[in-house]
Amino acid sequence: MKNEFLIWVEFFINNLPGKIGYYVRRFWYLYRFPNRKKLIIERGCEFISHHNIFFRDSNVIIGNNSYLNAADGIIEIGANSAFNRNVHINASNGGKIILGDYVLVGPNVMMRSSGHKFDSIEIPIRHQGHI
C-alpha cells in the first residue's frame, strides 16, 4: 500500500507545471535521492527503484519525460551531467550503467544494460531470457 501511495504522489509531483512544479520536484527528489546539492528533474520523469539509482555528486539535470529503471541493476550518474528530454536508461536484469562526470546525453537516447537472447528461431524471443 505504501509503495502504491508513493507512485501516486510521484505521478502528481512529476506532472506539476511551472515554477511551483520545479520547486516541488526539487524538494521531493532531494528527499528521494539523499545528499544531492542540486538535482533538477523536469516534468514527466519516472524512476524505478530509487534505491539503485545513485547521483555521485551535484548539478545533475534530468530532462522532460525521461525514464530511469534500475529494478534489478544499478545506475550511477556523475557530477555536472545533463540529460535531454525522453532519455531512457534501463539497468535491469542485473546490469550496471555507470556514467562519469560532465556527461551530456542528447534527446531520445536509450541505454540498456541487457538485451534479449535470440539463439533459437523455434522459441519466441520473449521466452529465451536476457543476456
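This briefing describes the confidence of a predicted model and the pairing of its strands. The structure is a predicted model, in which local features need pLDDT of at least 70, side-chain atom pairs count only at pLDDT 80 or more, and totals for chains, interfaces and linings use all residues. Residues are numbered from 1 along each chain as its sequence is written, and side-chain values use heavy atoms, with hydrogens and water left out.

**Confidence**
- The chain has an average pLDDT (the predictor's confidence in each residue, from 0 to 100) of 88, and 95% of the residues score at least 70.
- Helices (H or I, at least four residues) and strands (E, at least two) are DSSP runs, numbered from the N terminus; among the elements of the chain, the lowest mean pLDDT, 86, belongs to helix α1 (residues 2-14), and the highest, 97, to strand β10 (residues 104-105).
- Where pLDDT is low, the predicted coordinates should not be read in detail.

**The open sheet**
- An open sheet is formed by 4 strands in the order β2-β5-β8-β11, with parallel pairing, where two strands pair if DSSP finds at least two bridges between them.
- Strands β2 (46-48) and β11 (110-112) are the edge strands, each of which pairs on one side only.
- From one strand to the next, the twist averages 0°, with axes being lines fitted to C-alpha atoms and angles running from 0 to 180 degrees between N-to-C directions.
- Strand β8 (residues 88-90) runs parallel to β11 and is joined to it by 3 bridges, and Ile89 has Met111 in β11 as its bridge partner.

**Strands β6 and β9**
- Strand β6 (residues 74-77) and β9 run parallel and are joined by 4 bridges, with Ile75 standing opposite Ile97 in β9.
- In strand β9 (residues 96-99), Ile97 and Leu99 make up the covered face, whereas Lys96 and Ile98 make up the uncovered one.

Technical notes
Buried means under 20% relative accessible area, exposed over 50%, partly exposed in between (1.4 Å probe, protein chains only).
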